[in-house]
Amino acid sequence: MEYQVLYRKYRPKDFAEVMGQDHIVSVLKRQIQSGRVAHAYLFSGPRGVGKTTVARIVAKAANCTVTGSKKEAPCNACPSCEAFNAGRALNLIEIDAASNRGIDEIRELRDAVRFAPAEGRMKVYIIDEVHQLTKDAFNALLKTLEEPPPHAMFILATTELDKVLPTIVSRTQHFDFRRPRETVIRDRILAIAKAEGAKLEPDAAAAIAFVAEGAMRDAESMLGKILATGTNPIALGDVEEILGIPKREALLTLSEHIGRRHLKEAIELLNSLYYRGYEMDYLAKLLIGFFRDALLAKTTTNPDGAPEASMLPEGREALAAHLAAYSANDLARAIAALIDAAELAKRSPIPQLPLELALVEIINADQENKTA
Ligand SMILES: Nc1ncnc2c1ncn2[C@@H]1O[C@H](COP(=O)(O)OP(=O)(O)O)[C@@H](O)[C@H]1O
Ligand SMILES: [Mg+2]
Ligand SMILES: [Zn+2]
């Protein structure tokens, strides 16, 4: 079975399956229901969070013969929807601006836009990475956006909003996509694993979500890599091993050393992790997540409803116990020291040194507080 293409196989076909972009989806649904779709949209946001996916759903809805009668989403059953789902809709044109950057391509587009769609109601152009267009091409596009024919719709997408000309932004309806929360990513990964007939442990899914750093597609690709090994059931240890990420177990032990102010053991463990090949800036990032969880546990009554915590409740409890001696201020200072260390670790001649210094600072600061 081909696992690398999970993100294609599971690409949402309907708004209901799009996770973590409710602020956008709810507006689009209302527009579609009332027949007031815009002729130009701009979707900005990090990669792998659903821009292309939502663009295709909008394009499909704009051509769905059933949606014409006041539905808020594509029916996914009419011939037009079927053509979209099968990737053979003639009135959906996807252009990658990274490889079609010039004025000629946009002029060509401008000429083609004038003609009515060969089939369906709307000709929809999705222009991906639109910030890559040259200045001339931008200006040519601007002209088209100023007076689009009634049968044309443009959906521009970009990962770098600040590189898109303000004149373009102001001629479009702009939606800013967000990184889905880790719990949202975790839950989708769990659902996909289940659909693929694999038993994935929740904390293993949480680890994938953490490493994905908000990119749903990356999480799905990682899951594909793990499924391809044939491991089943899949536990946290398997995920850590296959993806080559530091063991959470070891990090909890490190936190325990920090909590007990055992500087020597903390530095030894850090070094053993370094020699096992873990990236130090990544390790620092994990530690920052841990300390943040501890800080959230201290400052919020309900860490589950609070800003995203990077660990499941069991892990958070263990951590809170390890770091009980730390006040909220200590934790805040520790996080600041770790953020510096994460930055420095990338260019330090001795990669583990910035983290060692941070450990000294964190553990000794705590002692100074105690004696003061
Ligand atoms: N918000 C989301 N909800 C559900 N799945 C998503 C979401 N964002 C991304 N995905 C998954 O990742 C894949 C790639 O998403 P895509 O829309 O191409 O991202 P983008 O265009 O923002 O880079 C999709 O096929 C889908 O499987
Ligand atoms: Mg895309
Ligand atoms: Zn339809």
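The legends below describe close-up views of a predicted model.

Local features are taken at pLDDT of at least 70 and side-chain atom pairs only at pLDDT 80 or more, whereas totals for chains, interfaces and linings use all residues. Residues are numbered from 1 along each chain as its sequence is written, chains are lettered from A and ligands numbered from 1 in the order in which they are written, and side-chain values use heavy atoms, with hydrogens and water left out.

**View 1. Domains 2 and 3 in contact.** The domain assignment gives domain 1 (21-176), domain 2 (182-243) and domain 3 (248-371); such bounds come from an automatic or database assignment. In domain 2, 12 residues are in contact with eight residues of domain 3, contact meaning heavy atoms within 4.5 Å. About 890 Å² is buried between domain 2 and domain 3, 56% of it on carbon and sulfur atoms. Buried area is the accessible area (1.4 Å probe) that two parts lose on being put together, summed over both.

**View 2. Crossing of helices H8 and H9.** Helices (H or I, at least four residues) are DSSP runs, numbered from the N terminus. The axes of H8 (residues 182-195) and H9 (residues 202-212) come within 8 Å and cross at roughly 125°. Axes are lines fitted to C-alpha atoms, for helices over the stretch in contact, and angles run from 0 to 180 degrees between N-to-C directions. H8 and H9 are therefore oblique to each other; angles under 35 degrees count as roughly parallel, over 145 as roughly antiparallel, 65 to 115 as roughly perpendicular and the rest as oblique. The contact involves Glu-182, Ile-185, Arg-186, Ile-189 and Leu-190 of H8, together with Pro-202, Ala-205, Ala-206, Ile-208, Ala-209 and Phe-210 of H9. Nine of these residues are nonpolar, none polar and two charged. Ala, Val, Leu, Ile, Met, Phe, Trp, Tyr, Cys and Pro count as nonpolar, Asp, Glu, Lys and Arg as charged, and the others, Gly among them, as polar.

View 3. H10 (residues 216-228) packs against H11 (residues 236-243) at an angle of about 100°, with the axes 10 Å apart. That makes H10 roughly perpendicular to H11. Met-222, Lys-225 and Ile-226 of H10 meet Val-239, Ile-242 and Leu-243 of H11. Five nonpolar residues and one charged residue form this contact, with no polar residues. Pro-233 lies in the loop between H10 and H11, and the peptide bond from Asn-232 to Pro-233 is cis, with omega near 0°.

View 4. H12 (residues 248-259) and H14 (residues 280-299) pack at about 65°, their axes being 11 Å apart. On H12, Arg-248, Leu-251, Leu-252, Leu-254, Ser-255 and Ile-258 meet Leu-283, Leu-286, Leu-287, Phe-290 and Phe-291 on H14. By class, the contact has nine nonpolar, one polar and one charged residue. His-322 belongs to helix H15 (residues 313-322). Not counting residues up to four places away in sequence, His-322 touches Leu-252, Ser-255, Glu-256 and Gly-259. The C-alpha atoms of His-322 and Ile-258 are separated by 7.9 Å, with the two residues 64 apart along the chain.

**View 5. Asn-76 in a loop.** Asn-76 is found in the loop between H3 (51-63) and H4 (79-85). Although Asn-76 is not a glycine, its phi is positive, at about 65°.

Terms used
Helices (H or I, at least four residues) and strands (E, at least two) are DSSP runs, numbered from the N terminus.
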